[in-house]
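Open the model in your viewer and keep the selection tool at hand. We will go from stop to stop, and at each one you will hear what to pick and what to look for.

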Amino acid sequence: MTTITLPKCTIDALVQICAKHHNQPGELINILHEAQGTLGYLPREVQEVIARQLRIPVSRVYGVVTFYSFFTMTPKGRHPISVCMGTACYVRGAETVLDEFKRRLSIGVGGVTPDGQFSLDSLRCVGACGLAPVVLVGEKVYGRVTLPDVEKIITEHSRPASDPS
Amino acid sequence: MEQTISLQIDRRQVEVPRGTSLLDAARGAGIHIPSLCYMNLRDMCISNLPASCRICVVEIEGRRNLAPACSTRCEQGMKVTTTSARVMNAQKTVLELILSDHPTDCLVCPKSGNCDLQEMAARLKIREIPFRGEQSSHVRETTPSILRDMNKCIYCRRCETMCNKVQTVGALAAVNRGFSATIAPAFERPLADSECTYCGQCVAVCPVGALTENDHTNRLLEDLANPNKTVIVQTAPAVRAALGEEFALPPGASVTGKMVAALRALGFNKVFDTDFAADLTIMEEGSELLDRLSRFLAGDKTVALPILTSCCPAWVNFFEHYFPDMLDIPSSARSPQQMFGAIAKTWWARQIGVERKDLVVVSIMPCLAKKYECARDEFAVDGDPDVNYSLSTRELAGLIKRANIDFNTLPDEDFDHPMGESTGAGVIFGASGGVMEAALRTAYELYTGKKLEDVNFESVRGLQGIKKATVALNDFQLKIGIAHGLGNARALLEEIREGKSEYHAIEIMACPGGCIGGGGQPLHHGNSERLKARAKALYSEDQGKTRRKSHDNPYIAQLYEEFLGKPLGEKAHHLLHTSYFDKGKDIREQ
């Protein structure tokens, strides 16, 4: 027997999300959306609970999670940074901006800083091509980002060193 | 009345029912459009139509683009061309693109010579692969039953269809994207750690070398070459009904005598029959059925009914994973393969004076799960398995060819005594419904004390997914159910779990059609007529036997008299029965 343990509150939250969608397998993507919205990411145990509630194989849940780049199985940083690599942003230097984030944070695309403050991703076109190159931090949008802006953005979101948490 | 439409394919007028695909319409008219991912076993409602490979493209007059014939429906007045240069060029490019990310190690590929992709490349005369870019790099996996080499996968999704829609096992799914896309268990864990039952239906439909069996041929050759070993073989009932297909004999040709001769020629010390152990299984399982029934009829409400057959190792794996709350329901009787091993390494070994360590028991099975079953810890004594290993029908055919044995001209030979003797009841184990029919023949006579005049129970035969029948045992109406294919089994099991099951006894076989359609059989290439022909071969062999009830097997009687005592007795319990394990998932709160 394989035993999977999760905090009661997490299981309850997932059960509720699934119930809201009538435990319909066809609602899997919406359920995963909400679950990730609530928990920040979709680790193995969470997928197991969702599969059980919808009475579908967990392999199918995993298939959907790994197909869509929006879903993630690793926790994101407190401030998730996304650099747009769409065509317009790309031609206006998004790659060098992304490289600068990698260098300053010492993480790769998909990585999280050891203190859990920042994670770095690239995405395709946020529909703000007039502002290219675009960077998102959480829901905040930065346009016409230059290399010196990268440090400013990081500083803006860094907590004071004295903050113990 | 069914609406028909007419269209033109390659300037031929074709009439088909509305809704027919172009591919089916063409094939019906004798025009064979090549395909890779397409699979359709209509009799069993099994279809895989993802239209993902695009090999079957055709030209339709008035349409700008070529269309995939498998997923394009015929329309009235359509004009279709399957032979144009444009079609052939497109097919070639499609195949070159598929091959651009395919290893070219055909020389050492286990599927070489039986590979749809290789055949297609030969047919389209591919002489070079012009596109060579990034390559997939998945890890190969070896399980006791199945080998996975997903670098060879062409994403036809047939395995996924079998695993999910037909078997409802759900071990395999399409995961990731781009070059890391693959068909894998959840979290890309090894198949061995997944819910996989090793039924081998994925292997049976894989068009390429991505999923193949764990081949024990070379291991067998080492043992056969070792003068200190006594090597004996048992052959499952379904093998004899399909082996001939590998030697260009028509499906359903019964090759029992030739198979025995071939095994003897290969150098086995004794050629025995799993059918003998099937008769033994009936003695134990039938007695268990009668025991549970009589306690039930005496008013015992705790008795577990319906009783479920336990011959099929993939089915055992399935209920251990998915119905761990019901482990007391299946019969505790071991499968015929394991009963054979247990008796061979005790009773028979003592008879001929061979030590256990020097005796190698090999089985020839239509099945891949049997390989796993041999390796289960509970079927070994001090680390020595009762059945050392199992070869599939396909592996045996390969070995016979390799040994240069001219199979078709072999004379018919008989099995050795005593464990080669079997009744017709043992033979029909290989077809869906056969175990139940065999059990009924014995249970009827033991229960009523009367002679069963007509031993044929036609209602339990055939390819219908779930079959049911009622048999009168004196004034008691015994209700039986039969399912083949794990999806059908799941339906019956869920009824039991909900307390709605009407049956007293249920037979389950994991593979569609039963063992005749097993994962180790010659590939049916989507042709269910082959399965029907194989079943027919078994029933006619049964018909031809003088003894057709397991309890009439004189060697079984001798075995109980000399060694086992009585069915369900202490010794029988120790050697012929087993217990099951909870492999389910338990989600707990912290």
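Start by selecting strand E1 (residues 2–6) of chain A together with strand E23 (585–589) of chain B. The two run parallel and are joined by 5 bridges. Strands here are DSSP runs of at least two residues (E), helices are runs of at least four (H or I), and both are numbered from the N terminus. Two strands count as paired if DSSP finds at least two bridges between them. Strands of a sheet pair through backbone hydrogen bonds, either parallel or antiparallel. For one bridge in detail, pick A:Thr5, whose partner in E23(B) is B:Arg588.

A word on what you are looking at: this is a predicted model, in which local features need pLDDT of at least 70 and side-chain atom pairs count only at pLDDT 80 or more, while totals for chains, interfaces and linings use all residues. Residues are numbered from 1 along each chain as its sequence is written, and chains are lettered from A and ligands numbered from 1 in the order in which they are written.

**The contact between the chains**

Now widen the selection to the whole contact, which takes 21 residues from chain A and 22 residues from chain B. Residues are in contact if their C-beta atoms, placed from the backbone, lie within 7 Å. On the chain B side, strand E10 (173–175) and E23(B) each supply at least two residues. Which element gives the most to this side? That is E23(B), with 5 residues. Colour the chain B side by class and you will find 10 nonpolar, 5 polar and 7 charged residues. In this scheme Ala, Val, Leu, Ile, Met, Phe, Trp, Tyr, Cys and Pro are nonpolar, Asp, Glu, Lys and Arg are charged, and the others, Gly among them, are polar.

**Chain A**

Show chain A by itself. Its C-alpha atoms fill a box of roughly 55 × 40 × 25 Å, taken along the principal axes. Chain A has 7 helices and 5 strands, running β-α-α-α-α-β-α-α-β-β-β-α from the N terminus. Of its 165 residues, 30% count as buried. Buried means that 20 or more other C-beta atoms lie within 10 Å of a residue's own, exposed means 12 or fewer, and partly exposed is in between, with C-beta atoms placed from the backbone. Colour domain 1 (8–67) and domain 2 (79–157) of chain A separately; their C-alpha centres lie 29 Å apart. Domain bounds come from an automatic or database domain assignment.

**Chain B and its domains**

Turn to chain B, which is divided into domain 1 (4–99), domain 2 (132–214) and domain 3 (218–576). The centres of domain 1 and domain 2 of chain B, taken over C-alpha atoms, are separated by 27 Å. Between these two domains, 9 residues of domain 1 are in contact with 9 residues of domain 2. The domain 1 side of that contact has 7 nonpolar, 2 polar and no charged residues.

**A helix with one buried face**

Select helix H3 (residues 116–123) of chain B, where B:Asp116, B:Leu117, B:Met120 and B:Ala121 are buried. Seen down the axis of H3(B), the buried residues fall within an arc of 135 degrees, so they line one face of the helix. The arc is that of the directions from the helix axis to the C-beta atoms. The face turned away carries the exposed residues B:Ala122 and B:Arg123. While H2(B) is shown, pick B:Arg86 within it: B:Arg86 is exposed, with 12 other C-beta atoms within 10 Å.

Next, select strands E8, E9 and E12 of chain B, which form an open antiparallel sheet in the order E8-E9-E12. E8 (141–142) and E12 (211–213) stand at the edges with a single partner strand each, so one side of each is left without a neighbour in the sheet. Within the sheet, B:Glu141 stands opposite B:Arg148 in E9(B).

**Into the core**

Finish with the largest nonpolar core, of 188 residues. A nonpolar core is a set of buried Ala, Val, Leu, Ile, Met, Phe, Trp, Tyr and Cys residues joined through C-beta atoms within 7 Å. Among the members that touch the most others are A:Ile50, B:Cys202 and B:Trp315. Helix H8 (residues 274–297) of chain B gives this core its largest share, 8 residues.
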